[in-house]
Each structure stands twice: as C-alpha cells, then as structure tokens.
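I opened the notebook with the viewer beside it. These entries follow the order in which I looked things up.

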Amino acid sequence: MTTQLNLTFDPPADLLSRLRANGLPPEVAVSTHTNLRTMVSFNRRSGLRVHAGYAAAPDAVITAIVQWARPWMTRARRQAVSRMLLTFPVHNHAAPTRKPSRRPEAEQPGDAEKLERLRGLHDELNHRHFGGRLSEVPIRLSAKMRRKLGLYEAKANVHGAMIAIGRRHLARGGWKAVTETLLHEMVHQWQDETGRKVDHRAGFWRKAAEVGVGR
C-alpha cells in the first residue's frame, strides 16, 4: 500500500498569485506537496495543500482548486470539481517525492520455491487469459497482509509495479486459492497496463468474469 508523504513546501509565487486572483481568501494558508495520491486537501486549521504540479494547470483547474477550499459546496459540485482536478496530469509537471527503497521482509525457508512457482503461475495465466501481453512484474510474499489476500501496486508507484500475496493466505488457502488471488491481481495489472483506472468498478468485474475470477 502506498503511504502518503507528508513533506510540504511553500507554493511557487505564480501558483499562489493565481490562486489568490481566482478568489482564494488571503487568510487561507497554502502549501504544496508531491504526493502520489492526494492531489488537493483543505483543512480549516492547516489551510490548503495542493500538488505542486498544478502550477502548470490551466485557469479552469486553478479555479476548481479554489472552489475545493469552500466547505459549503454541494456534494454534486464537489464531485464535479474533483473529477476536473484528477484529469490534470500533475505528475507530468512535478515528479513524486521518492521514498527510500522498500525494505524486503526477511526470507523464510521455502520462499525461493514458492516465489518461483508464483512467477510460473503468472506466466501461465498471462498467456492463457491475456495473450501474454502483461509485463513480468516482481512478486513477493507479505507477512504484513492480515486482511488482504493479495495486492497490486500500479506502475506509477515510486517503486514501480508489484504483486504481493499474503503469507497467511497461502498457508490457509493453499495454491488453488492463491492462483485465483493472483489472477485477480493480474486483472488490476491489465487495468494499469491498458491505461484504465485500477479499481473494483464494473469494468474490473467484467474482465474478471471473462478470465474466470469470481466475486
């Protein structure tokens, strides 16, 4: 799971002036960040936090940021503003702050054989259900996953794409259950590599049904 970064910076003068010119009150503090997921946030106490990449955004997006800082917006309007903010490619203009490399979990007896089998399953499922078009991605076992059975981290993550399988899931469910979980995560990989949003909405479940993954 991606951890949100808490580094904040003073906004560039041009971004700040554009926000003020579009109606952001002078008493609202502004800071910028380069988080991967949280683009804009507002808190009465800490003020407005906005991704630094919005400095290159058109005026309509700047106006949407100002509107986001208005707590009295209707729910429908806030959803519309949110969609506008998410369409602007902020990461093309301000690269995500990189975290230190993920510390690998301590290897356990039998891990090499299990990971080799998982890589083989990924290759087999890739050719059977995706025409061999999915990329080879790192696969790891995780002892930290208590509720999740598996996880796909998108290629936009600072560490790149990755699939994790819970150790507990493998121990309790066996290889049949893990194979279905791996295929589930590969549908997310397919979403990611075909330019779709990685989620569990209708498009995911259509593809999941097509490859034989149940709900």
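Entry one, a charge over a ring. I count a charge as sitting over a ring if NZ of Lys or CZ of Arg is within 6 Å of the ring centre and within 35 degrees of the ring normal. With that rule I looked up Lys 207. Lys 207 lies over the face of Trp 190, 4.8 Å from the ring centre. I note here that the model is predicted.

Entry two, overall make-up. I listed six helices and six strands in the protein. Along the sequence I read the pattern as α-β-β-β-α-α-α-β-β-β-α-α. The protein has 215 residues, and 41% of them count as buried. Then I turned to contacts with a separation of 6 or more. Of these, 56% are between residues 24 or more positions apart.

Entry three, the sheet with S1. In what order do the strands of this open sheet stand? I read S1-S3-S2, three strands with mixed pairing. Strand S1 (30-33) and strand S2 (40-43) are the edge strands, and each pairs on one side only. From one strand to the next the twist averages 20°. I then followed S1 into strand S3 (residues 47-51). The two pair in the parallel sense, over four bridges. I picked out His 33 and found its bridge partner in S3, which is His 51.

Next I looked for the helices lying across this sheet. Helix H1 (residues 13-21) lies across S1 and S3 and runs at about 130° to S1. Helix H2 (residues 59-68) lies across S2 and S3, at about 30° to S2.

I stayed with S5. S5 pairs with strand S6 (residues 162-166) in the antiparallel sense, over four bridges. Tyr 152 has Ile 163 as its bridge partner in S6. Which way do the residues of S5 (residues 150-153) point? Gly 150 and Tyr 152 point one way, Leu 151 and Glu 153 the other way. I checked burial for these residues: all are buried. In a regular strand the side chains alternate between the two faces of the sheet.

I looked up the helices over this sheet as well.

One of the pairs is Phe 204 with Trp 205. Their ring centres are 4.8 Å apart and their planes stand at 90°, so I logged the pair as edge-to-face. Last, I looked up burial for both residues. Phe 204 has 0% relative accessibility and counts as buried. Trp 205 has 17% and counts as buried, because the cut-off is under 20%.

How values were computed: Residues are numbered from 1 along each chain as its sequence is written. This is a predicted model: local features need pLDDT of at least 70, side-chain atom pairs count only at pLDDT 80 or more; totals for chains, interfaces and linings use all residues. Side-chain values use heavy atoms; hydrogens and water are left out. Buried means under 20% relative accessible area, exposed over 50%, partly exposed in between (1.4 Å probe, protein chains only). Two strands pair if DSSP finds at least two bridges between them. Axes are lines fitted to C-alpha atoms, for helices over the stretch in contact, and angles run from 0 to 180 degrees between N-to-C directions. Contact means heavy atoms within 4.5 Å. Rings of Phe, Tyr and Trp (its six-membered ring) pair if their centres lie within 6.5 Å; planes under 30 degrees apart count as stacked, over 60 as edge-to-face and the rest as tilted.
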